[in-house]
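The following report looks at one residue and its surroundings, then at a pair of helices, and then at the confidence of the model.

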Amino acid sequence: MASPLKKLISTFLFLLSSTVIMVASSEPLCHPYKSIISFGDSIADTGNYLRLSDVNHLPQAAFLPYGETFFHPPSGRYSDGRLIIDFIAEFLGLPYVPPYFGSQNVSFEQGINFAVYGATALDRAFLMEKGIKSDFTNVSLNVQLNTFKQILPNLCASTSRDCREMLGDSLILMGEIGGNDYNYPFFEGKSINEIKELVPLIIKTISSAIVDLVDLGGKTFLVPGNFPIGCSASYLTLFHNAKEEEHDPFTGCIPWLNEFGEYHNDQLKTELKRLQKLYPHVNIIYADYYNSIHTFFQEPAKYGFKNRPLAACCGVGGKYNFTVNEECGYRGVNYCQNPSEYVNWDGYHLTEAAYRKIAHGLLNGPYAAPAFDWSCPGSASKLISSFLLIFSSTITVDSSEPSCRSYKSIISFGDSGADTGNYLHLSDVNHPPQAAFPPYGETFFHAPTGRNSDGRLIIDFIAEFLGLPYVPPYFGSKNVSVKQGINFAVYGATALDCALLIEKGIGSDFTNVSLSVQLSIFKQISPSLCASSSSHDCKEMLGDSLILMGDIGANDYDYMFFQGKSINEVEELVPLVIKAISSAIVDLINLGGKTFLVPGTFPYGCFPAYLTLFQTAKEEEYDPLTGCLSWLNELGKNHDEHLKTELKRLRKLYPHVNIIYADYYNSMYRFFQEPAKYGFKERPLGACCGVGGQYNFTIGEECGYQGVGSCENPSEYVNWDGYHLTEATHQKMAHGLLNGPYATPAFDWSCLGSASVDTESSFTS
């Protein structure tokens, strides 16, 4: 019998994972997907070919660098990390789909994957009759389908539900399949006309498989089209003698090869349209892989790829870094430093970064036809948040029992580390701040938003993880609501009040919106916020919110350092700053707050601003491994130790409250210890955006000023402008907090009763 917790999870999966498709019917059909069943080739193979192989002759995907981006040891996937099927599973809150071959415990609950590297739509015997060799595998689509039919009775016997119901509750991925039917004859020198003769046969085979599965009870199918093969490194190398005019001058791809892919796709779409009319109760979705991928070559920078991203990341030789028989996984074949900049992984297959973006375009964008429709469960925000909230808001506290909450909003206090536009709105329109100008915002928002980074901040990634809107700035907002979230964080803000700092001879010229001022404003507007809600009182609304307490306190120290105060004078502020943060938390607990994320401070000695301010010839002041200033980092550690001690005290006083320490220091410091591991350049101490000196930073000539340039690839840099971090750094830090070891107490998923919940799902959008 299913436990109440499993029933609870199923309820939320019903809401999130009903991949709703508008078919030829007056009413949308919504289904809760309880598993994924997959057929296809290497684009969806999660390890089948590896398990089918002779142990003495393992395939390339059994060796590094396959899997190095995400799984780290090779998993049999033909990429540096996850595939489209993995991102779909994450989106639906389901386990990664295991390979069928070699698995001992096959179940609908886990999902079943029959896709095999090298597989064809047409049977091997038929291809051989046509003079086409297929040496990799004989597990064609028909063989995969027959295998599924054979095991189906056993699968159904192990559960009380009937076969049709179980298949109807599954999302069935039909490929990609058919690509190898064309690859083999192309690489054997067949003409385009000979290969075109295969297209209707392949389409018929795919269609027949869908009909068979419909007859068995299948209700939802995702059917991918073919790739733009004229942009593939292997095809560009095969046809390297093509004249310059045979290449698209804009993308560098070979148009006639791409037109062949479009020819296949047009026939497939026509057939799927026919099937939808025959089976109006079935959702049959065309996955437009072609246009989803082709956009990466049309506008590579927009999607975070390098210019003209036609070459393979992993390979050797020639214009496209690809040579047949000297391919990725072979000894002596190298791979690029940053696969996320590449579309193509090994000449035939794509990188995790490309697959992530394709999956996003299918699930959230324009590349599924009919498009995914969230309207029938109610609303997109409710649908996504219903699942993500319950899975991502469970924090273990110092208590015998974990406390799970679904966060309905984010309330934020702090400084520029969390400011999503407040300082911009508070500024004189005749003297806007640096973050009002490019290149701020260039990586993600493409225009400045007032965030002091090239893109998103940690607070933005947390919002994405929770399925909530980006938290708007309070100042300048006309419609403030708890539902949207409220952000009071302001660039330059201090933990201590300006009056106290001035008494100590510390000037604070940026803003007077200290932590206590932010908290006072929140208290003032709380009654009107509560009055606008018909279903919640104030305490309940605050209890349903995740409250971010910073980071805050760094500017209290910054101002002193940049005004020439000694380290001893600065350290005298630490207990006062900690007390101010603690008092604010207590005030918010009394108002009804139940969950707090409280960041520590950064490793100051690794920031270009400080490295420039305290530049010295004394080598002993620098960490020989990282190049950071050791004595400055000790100040950060001192602050954090005081903060952790105080939070521990508060947890004992308020055992019903979740108070989580966010270890910004160690989360960030690891990037300087092992930069290549995290995708950063060697010794990443310089600012991406700046000018002058060893650290690309000069006071008074800073990012946003006229004539100050930025680096070509911010994702290789930890630091953005000398004081603040890049989006890439924020993303990795947020991931380390939500899914890794940098939250204390750690996030705990066990109270949901499922150890298999994958917490990576938050970073796919």
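## Surroundings of Asn-180

Leaving aside neighbours within four places in sequence, Asn-180 is in contact with Asp-41, Gly-118, Ala-119, Thr-120 and Pro-185, where contact means heavy atoms within 4.5 Å. This is a predicted model, in which local features need pLDDT of at least 70 and side-chain atom pairs count only at pLDDT 80 or more, while totals for chains, interfaces and linings use all residues. Residues are numbered from 1 along each chain as its sequence is written, and side-chain values use heavy atoms, with hydrogens and water left out.

Asn-180 lies in helix 7 (residues 179-187), helices being DSSP runs of H or I with at least four residues, numbered from the N terminus. Asn-180 counts as buried because its relative accessibility is 10%, buried meaning under 20% relative accessible area with a 1.4 Å probe, protein chains only. Its side chain takes part in the pairs below, a polar contact being a pair of N or O atoms within 3.5 Å, one able to donate a hydrogen and the other to accept it, and residues adjacent in sequence counting only if both atoms are side-chain atoms.

| Side chain | Partner and distance |
|---|---|
| Asn-180 | side chain of Asn-183, 3.2 Å |

Elsewhere, helix 22 (residues 574-591) and helix 24 (residues 630-653) pack at an angle of about 35°, with their axes 10 Å apart; the axes are lines fitted to C-alpha atoms over the stretch in contact, and angles run from 0 to 180 degrees between N-to-C directions.

The mean pLDDT, the predictor's confidence in each residue from 0 to 100, is 85 for the protein.

Notes. Helices (H or I, at least four residues) and strands (E, at least two) are DSSP runs, numbered from the N terminus. Buried means under 20% relative accessible area, exposed over 50%, partly exposed in between (1.4 Å probe, protein chains only).
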